[in-house]
Amino acid sequence: ASGPIRILMCGDSLMRTYVANSSDQAGWGQVLDQFLSADATVDNTIADGGRSSRSFYNEVGRWDQIKARLTASVADGVPTFVFIMFAHNDEKQVTDVDGPDFLTFASHNQNGTVAGTFSDYLERYIVETRALGGIPVLLTPVVRETFSGNPVQISDTGRHDLTVAFTGETAPRGDDPAAARAIAAKHDVPLVDITAWSKTMVAA
């Protein structure tokens, strides 16, 4: 793309914009424009805390608004990218207050199906973005600060690879970053491996 571009941000608390000086938090999406030229516009007003790939897609005012803004942007002739990063809240358990509406398995449900998985929702974002003339970009999630082993390193859980089934579930949730990489490869979509990068940074 050359000339003006627009970036629409789809994500959770790690991406969202926080009110200045209201907390000790900041989403990376709220500072992204500081690293881009003046003809790039970043719209980070829809990303929000607590959202999973599933809840963001189904909640009124999230994915439907991204699609509306994408449609308008493309109609204006502006190349428009959709940055997509989830996983932290896809790992909620059924016992969480909002778990059932948020949780996903990485690539296959307990019965082996794919519908409603993290992988399935990422694929929906990609296909629907392209259908509207946008350019999807996947980003794997930032690691959690959970450590294990000797020498100490980021644990499987910290890397969003859930290898042990939660209570009441018959299979582990699986590896979300691996699912994102597979879907990106399937659809030839750019992928930024934030998991690998942040693993090295946090471990250091």
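I take contact to mean heavy atoms within 4.5 Å. With that settled, I can open my notebook on this chain, which is a predicted model.

**Entry 1: His 88 and its surroundings**

I started with His 88, which I found in the loop between strand 3 (80–85) and helix 3 (99–102). Leaving out residues up to four places away in sequence, I listed what His 88 touches: Asp 12, Leu 14, Pro 141, Val 142, Arg 144 and His 160. Is His 88 buried or exposed? I looked up its relative accessibility, which is 15%, so His 88 counts as buried; the cut-off for that word is under 20%.

Two of its polar partners went into my notes. A polar atom of the His 88 side chain lies 2.9 Å from the backbone oxygen of Val 142. The side chains of His 88 and His 160 are joined by a polar contact of 3.4 Å.

I moved on to His 160, in the loop between strand 6 and strand 7 (161–162). His 160 has a relative accessible area of 0%, so I wrote it down as buried. I also checked its backbone: phi is positive, about 65°, although His 160 is not a glycine. Here is a reminder to myself: most residues other than glycine have a negative phi, and most peptide bonds are trans.

**Entry 2: a cis peptide bond**

With that reminder in mind, I looked at the peptide bond from Asn 150 to Pro 151. This bond is cis, with omega near 10°. Pro 151 sits in the loop between strand 5 (147–148) and strand 6 (153–154).

**Entry 3: Glu 128**

Next I visited helix 4, where Glu 128 has its place. Which residues is Glu 128 in contact with, leaving aside its neighbours within four places in sequence? I found Tyr 57, Trp 63 and Lys 67. The side chain of Glu 128 makes a polar contact of 2.5 Å with that of Tyr 57, and another of 2.8 Å with the side chain of Trp 63.

I then walked along helix 5. Its 12 residues, 176–187, should span 16 Å at 1.5 Å a residue, and I found the end C-alpha atoms 17 Å apart, which agrees.

Which residues of helix 5 are buried? My list reads Asp 176, Pro 177, Ala 179, Ala 180, Ile 183, Ala 184 and His 187. These cover an arc of only 160° around the axis, which puts them on the same side of helix 5. On the face turned away from that buried side, I noted the exposed residues Ala 185 and Lys 186.

What covers the buried residues of helix 5? The cover includes helix 4 (118–131), strand 4 (135–139), strand 8 (174–175), strand 9 (191–192) and helix 6 (194–203).

I also looked at both ends. At the start of helix 5, a side-chain oxygen of Asp 175 reaches to within 3.0 Å of the backbone nitrogen of Ala 178. Just after helix 5 comes Asp 188, with a positive phi of about 55°. Asp 188 is in the loop between helix 5 and strand 9, and it is not a glycine either.

**Entry 4: Val 74**

I picked Val 74 in helix 2 (residues 63–75). At 29% relative accessibility, Val 74 counts as partly exposed. Leaving aside neighbours within four places in sequence, I found Val 74 in contact with Thr 80, Leu 132, Gly 133 and Gly 134.

**Entry 5: stepping back**

Last, I looked at the whole chain. I count six helices and nine strands in its secondary structure. The radius of gyration is 17 Å, close to the 17 Å that the globule rule gives for 204 residues, so the chain is as compact as a globular protein of that length. Along the principal axes, its C-alpha atoms fill a box of roughly 50 × 40 × 35 Å.

Of the 204 residues, 46% are buried. Among contacts with a separation of 6 or more, 66% come from residues 24 or more positions apart. The chain exposes about 10,100 Å², and carbon and sulfur atoms supply 54% of that.

Notes
Residues numbered from 1 in each chain as written. Predicted model: local features only at pLDDT ≥ 70, side-chain atom pairs only at ≥ 80, totals over all residues. Heavy atoms only, no water. Helix = DSSP H or I, 4+ residues; strand = E, 2+ residues; numbered from the N terminus. Expected span 1.5 Å × (residues − 1). Buried < 20%, exposed > 50% of the residue type's maximum accessible area, 1.4 Å probe, protein only. Arc of directions from axis to C-beta. Polar contact = N/O pair within 3.5 Å; in protein donor to acceptor, adjacent residues only side chain to side chain. Rg over C-alpha atoms; globule rule 2.2 N^0.38 Å. Areas by Shrake-Rupley, 256 points an atom, 1.4 Å probe, with all protein chains shown as cover.
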